[in-house]
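Hi there,

Here is the structure I promised to pass on to you. Have a look at it first, and then read on for what turned up in it.

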Amino acid sequence: MDIAIIGPGRVGTALAQALGMAGHSVTMGGRDPGATRYVDLRDTGIDVLPIPMASRKAEVIITAASPAATQAVSAALGNLEGKVLIDAMNSIMARAEPYATTTEALMAWTNCTDIVKCFNCTGFENILEPGFGHVSADMFMAGDSEKAKDVARILALDMGFSEVYDIGGSSKFQLLEQFALFWVTLAQGKNGIGRDMAFKVIRRDRTSEGTGAE
Ligand SMILES: NC(=O)c1ccc[n+]([C@@H]2O[C@H](COP(=O)([O-])OP(=O)(O)OC[C@H]3O[C@@H](n4cnc5c(N)ncnc54)[C@H](OP(=O)(O)O)[C@@H]3O)[C@@H](O)[C@H]2O)c1
């Protein structure tokens with residue numbers, strides 16, 4: 001897929017590298033594309049363009065900027081008709097006022113109808129490397145657009161996530177941001193266990209012999 005990632009920070013860079021390695025065509029959209037701080041990114045073969053230009057040429061756009069920049073980013077994205085927008089941001093450090101989540105703000109401030117929240121609830125390290133020995137982390141998403149969810153699922157699986165769980169519609173955006181905060185707290189809170197961890201759902205197969213309820 002032709003993908004633009006907006007916000008060349010930690011998450012944006014991890015997404016760009018992971019999706020590039022998975023064979024997708026990735027361009028980065030930044031507010032200051034000529035900046036020397038993007039040299040390392042360019043060295044990995046990823047071009048940094050002004051946000052409107054990156055957005056225009058992409059079929060899928062992933063937002064990974066600071067939450068306080070949501071309105072500026074929305075304006076810079078231009079016409080998103082026919083495109084899928086995946087929001088990887090969280091309102092943890094700041095909010096896209098007056099909205100509770102960055103994804104609700106993007107729904108209000110862009111004309112995109114195919115929006116999904118995904119890739120927001122794990123550390124950027126896991127986006128780059130979802131494998132943990134012989135198992136891989138799971139990914140979670142929410143949104144009202146089946147088209148956008150189909151795209152997010154394909155990309156997450158291409159990146160190496162094991163399962164992609166659809167937790168519901170746009171009413172679950174806040175829950176997904178809280179889930180991200182839970183990850184941050186578990187990683188870096190008072191009793192934090194460090195960032196080398198991710199969420200995986202384990203399920204009991206009651207149809208298998210010997211595991212059913214007696
Ligand atoms: N860190 C994580 O592990 C993680 C994981 C999942 C989700 N998230 C979420 O992802 C988002 C980004 O986090 P991050 O850790 O990648 O942050 P970061 O490294 O600080 O990067 C933030 C990016 O936002 C861009 N930006 C800031 N203001 C902008 C504006 N007005 N217009 C356009 N771009 C602007 C910055 O661009 P410049 O380079 O031009 O400054 C920078 O590239 C946050 O919402 C965060 O909650 C973070």
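A nonpolar core here is a set of buried Ala, Val, Leu, Ile, Met, Phe, Trp, Tyr and Cys residues joined through side-chain atoms within 4.5 Å; buried means under 20% relative accessible area, exposed over 50% and partly exposed in between, with a 1.4 Å probe and protein chains only. Please keep in mind that this is a predicted model, where local features need pLDDT of at least 70, side-chain atom pairs count only at pLDDT 80 or more, and totals for chains, interfaces and linings use all residues. Residues are numbered from 1 along each chain as its sequence is written, and side-chain values use heavy atoms, leaving out hydrogens and water.

Let's begin with the cores. The largest one has 45 residues, of which Ile5, Leu15, Ile62, Ile86, Phe119 and Leu155 touch the most other members. Helix α7 (residues 146-159) contributes the most to this core, six residues. (Helices, H or I with at least four residues, and strands, E with at least two, are DSSP runs numbered from the N terminus.) There is also a second, separate core of 15 residues, with Ala4, Ile6, Cys112 and Ile115 among them. As background, nonpolar side chains tend to be buried together in soluble globular proteins.

Next comes helix α8 (residues 173-188). Buried in α8 are Phe173, Leu176, Glu177, Ala180, Trp183 and Ala187. They lie on the same side of α8, because their arc around the axis is only 105 degrees, taken from the directions from the helix axis to the C-beta atoms. These buried residues pack against α5, β6 (114-118), α6 (124-128) and β9 (139-142), where contact means heavy atoms within 4.5 Å.

Finally, the rings. Five aromatic pairs are present; rings of Phe, Tyr and Trp (its six-membered ring) pair if their centres lie within 6.5 Å, with planes under 30 degrees apart counted as stacked, over 60 as edge-to-face and the rest as tilted. Phe140 and Tyr165 are stacked, 5.8 Å centre to centre with 20 degrees between the planes. Since Phe140 is in strand β9 and Tyr165 in strand β10 (residues 164-166), this pair ties together parts 25 residues apart in sequence. Phe140 also pairs edge-to-face with Phe179, at 5.1 Å and 90 degrees.

Happy exploring!
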